[in-house]
Amino acid sequence: EKDGYDTFMEKEINDQPKAVEDTLLGRTDASGRLILDELRIDAEELKGIAKIIVLACGTAAYAGMVAKYAIEHWTRIPVEVELAHEFRYRDPIIDENTLIVSVSQSGETMDTLMAVRYAKEQGARTLAICNTNGSTIPRESDAVLYTHAGPEIAVASTKAFLAQITAAYLLGLYLAQLRGQMFTGEIQDILADLHKIPGKIQQILDNADQIKDLARAMADSPSVLFLGRHVGYPVAMEGALKLKELAYIHAEGFAAGELKHGPIALIEDGQPVFVVVPSPRGRDSLHGKVVSNIQEVRARGANAITVAEEGDDSVTEFSSTVFFVPETQPLLMPLLATVPLQIFACALASEKGYDVDQPRNLAKSVTVE
Ligand code: F6R
């Protein structure tokens, strides 16, 4: 059942090309238009949506953050992302033109379920992005978009995360198509790039040794920081969460732009800092800003470990190690940049002799509030 891998987590990391591919499968018609029939929500109703609120916990909430960048950019519908357990208790503003998008691997997370129920009571439409057929959250939602990652056994989420992000992209593109917000050709170009992602993930998996070697060398690190901007920000948070969960190392993910507003005080000699570097081809000179962030932490003695796009040689001189990932559209980058961070956390925890499938104090599905 582990397909020859030592742990479910390694197997599931290696299942990711298929998880993304299967989540994309069968969601376009012969002419390349997206069809999400299974949504069970009226197209007219979806056209009238004025606001989206994504609700989730943990890793699923980071998928939700990625969704926000993509859906807002493609549809121009305002998107909020909130931890489900915070949402319910703050008297949120929701009505029948609000679409609640819950994201949950298990479909049984009590915090998320209670938030969805609450939103329904307030009259919102609810859509579940979920990996578990027939589980409670999709059953109680108006609509469902299943991720097809297959069963996820390891407690720490990996392939479900990439599948959630993939599903969120499909939802964003579908809404853009419905509302005439993007040209068909534009949508098809993005879909074509999405279809190339599984092969690119495979390339990263095929080069995992470099990451595993670094993880072994860093097994004694007391603390590791992760920086990212734009969609690289949730990737940084996810990298930190994986390291906390699996290797019990203090880790924090920050928005790189936030550094000088406080976190830079943490940097001292030898502090390892992972930096998710945006594509140099991206918009708004984000790449240059992140390169300056790398220089700032380096100047204070940090070891910068960068995840950068293949061919981006500008970061090499500032990095103690660079993991190159294949190029893709800037918004799709999390599907690639996350993978080295998962491999890193898994390898480091294994090096320390920890049970990566069953980390201490955690349960796969949190069915209490
Ligand atoms: C982290 C992890 C958790 C879950 C969270 C939500 O690796 O697995 O943070 O993502 O508990 O679980 P689901 O997606 O089942 O609602």
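Analyst: Helices (H or I, at least four residues) and strands (E, at least two) are DSSP runs, numbered from the N terminus. I204 sits in one of the helices, α9. The model is predicted: local features need pLDDT of at least 70, side-chain atom pairs count only at pLDDT 80 or more, and totals for chains, interfaces and linings use all residues. Residues are numbered from 1 along each chain as its sequence is written, and side-chain values use heavy atoms, with hydrogens and water left out.

User: Is I204 buried or exposed, and how do you know?

Analyst: Its relative accessible area is 5%. Buried means under 20%, exposed over 50%, and partly exposed in between (1.4 Å probe, protein chains only). I204 is therefore buried.

User: Which residues does I204 touch?

Analyst: Contact means heavy atoms within 4.5 Å. Beyond residues up to four places away in sequence, I204 touches V325, P326, L336, V339 and P340.

User: What makes Y248 and Y354 an aromatic pair, and of what kind?

Analyst: Rings of Phe, Tyr and Trp (its six-membered ring) pair if their centres lie within 6.5 Å; planes under 30 degrees apart count as stacked, over 60 as edge-to-face and the rest as tilted. Y248 and Y354 have centres 4.5 Å apart and planes at 35°, and the pair is tilted. Y248 lies in the loop between α11 (232-247) and β7 (250-255), and Y354 in the segment after α13 (334-351), so the pair ties together parts 106 residues apart in sequence.

User: How many aromatic pairs does the whole structure hold?

Analyst: The search finds 5. Ring pairs also link F226, F274 and F344 into a cluster.

User: Why is Y248 called partly exposed?

Analyst: The relative accessible area of Y248 is 22%, so this residue falls in the middle class. Y354, at 31% relative accessibility, also counts as partly exposed.

User: What sits over the ring of Y248?

Analyst: The charged end of R360 does, 3.8 Å from the ring centre. The rule asks for NZ of Lys or CZ of Arg within 6 Å of the ring centre and within 35 degrees of the ring normal.

User: Which residues of α10 are buried?

Analyst: In α10 (residues 208-217) these are A208, I211, L214 and A215.

User: How do you know that they lie on the same side of α10?

Analyst: They cover an arc of only 125° around the axis, which puts them on the same side of the helix. The arc is that of the directions from the helix axis to the C-beta atoms. An α-helix has 3.6 residues a turn, so residues three or four places apart point the same way. The face turned away from the buried side carries the exposed residues D209 and A217. What covers the buried residues of α10 includes α9 (184-206), β8 (272-276), β9 (303-309), β10 (321-325) and α13.

User: What makes the length of α4 agree with a helix?

Analyst: The expected span is 1.5 Å times one less than the number of residues. For the 18 residues of α4 (residues 58-75) that should be 26 Å, and the end C-alpha atoms are 25 Å apart, so the values agree. The helix is mostly covered, with 13 of its 18 residues buried. R76 follows α4 and has a positive phi, near 60°.

User: Which residues touch the most other members of the largest nonpolar core?

Analyst: A nonpolar core is a set of buried Ala, Val, Leu, Ile, Met, Phe, Trp, Tyr and Cys residues joined through side-chain atoms within 4.5 Å. The largest one has 97 residues, and I52, W74, L243 and F274 touch the most other members. Its largest share, 13 residues, comes from helix α8 (residues 159-178). Apart from this core lies another, of 20 residues, among them L227, V275, A304 and V315. Beyond neighbours within four places in sequence, the contacts of W74 include Y169, L173, M182 and L331.

User: Is K159 buried or exposed?

Analyst: K159 lies in α8. Its relative accessibility is 3%, so K159 counts as buried. Contacts beyond four places in sequence include E12, D15, P151 and E152.

User: Why does N361 count as exposed?

Analyst: N361 has 76% relative accessibility, so the exposed label applies. N361 lies in the segment after α13. Its phi is positive, about 65°, although N361 is not a glycine.
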